[in-house]
Amino acid sequence: MKNLGIVRKLDDLGRIVIPKETRDLLHINEGDALEIWINGSDIVLKKHKTVICKNCEQFIEEHDVFCRYCGTKIREE
Ligand SMILES: [Zn+2]
């Protein structure tokens, strides 16, 4: 993990701004969805990615093991 040396305060609604340089570096654009993960006491943000099931061609979550529509195994656990 890389420390960018950036400290931001939460506003009164619990929001922070992800610096533009960080968003640009990771190709995160306005309207993109981010997943919020917990790793011990750390909060981790990940780009929400979808993939297309090769069997039924529905959009499914990248981290799914099985397609939620047709049940095809997408990847190894
Ligand atoms: Zn499927």
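Guide: This is a predicted model. We may begin with His-27, which is found in the loop between α1 and β1 (34–39).

Visitor: Why does His-27 count as exposed?

Guide: The relative accessibility of His-27 is 58%. Exposed means over 50%, so His-27 counts as exposed.

Visitor: What is the phi of His-27?

Guide: Phi of His-27 is near 55°, a positive value in a residue other than glycine. Most residues other than glycine have a negative phi.

Visitor: Which value makes Glu-57 exposed?

Guide: Glu-57, found in the loop between β3 (50–52) and β4, has a relative accessible area of 63%. The cut-off is over 50%, and therefore Glu-57 is exposed. Glu-57 is not a glycine, yet its phi is positive, about 65°.

Visitor: Why is Glu-61 said to have no salt bridge?

Guide: Glu-61 lies in strand β4 (residues 59–61) and is buried. The nearest side chain of opposite charge, Arg-68, is 4.4 Å away. A salt bridge requires a distance within 4 Å, so Glu-61 has none.

Visitor: What makes the pair Glu-61 and His-48 a polar contact?

Guide: The side chains of Glu-61 and His-48 are joined at 2.7 Å. The limit is within 3.5 Å, so the pair meets the distance criterion for a polar contact.

Visitor: Which residues line the largest pocket?

Guide: The largest pocket has a volume of about 980 Å³ and is lined by 23 residues, including Lys-2, Thr-22 and Ile-43. Strand β2 gives the most to this lining, with six residues. By class, the lining has 15 nonpolar, three polar and five charged residues.

Definitions and conventions. Residues numbered from 1 in each chain as written. Predicted model: local features only at pLDDT ≥ 70, side-chain atom pairs only at ≥ 80, totals over all residues. Heavy atoms only, no water. 1 Å grid on protein atoms, 1.4 Å probe; cavity = no way out; pocket = protein on both sides within 12 Å on 5 of 7 lines; lining within 4 Å. Points joined across faces, edges and corners; volume = space filled by probe spheres on them. Helix = DSSP H or I, 4+ residues; strand = E, 2+ residues; numbered from the N terminus. Nonpolar A, V, L, I, M, F, W, Y, C, P; charged D, E, K, R; others polar. Buried < 20%, exposed > 50% of the residue type's maximum accessible area, 1.4 Å probe, protein only. Lys, Arg positive; Asp, Glu negative; His and termini not counted. Polar contact = N/O pair within 3.5 Å; in protein donor to acceptor, adjacent residues only side chain to side chain.
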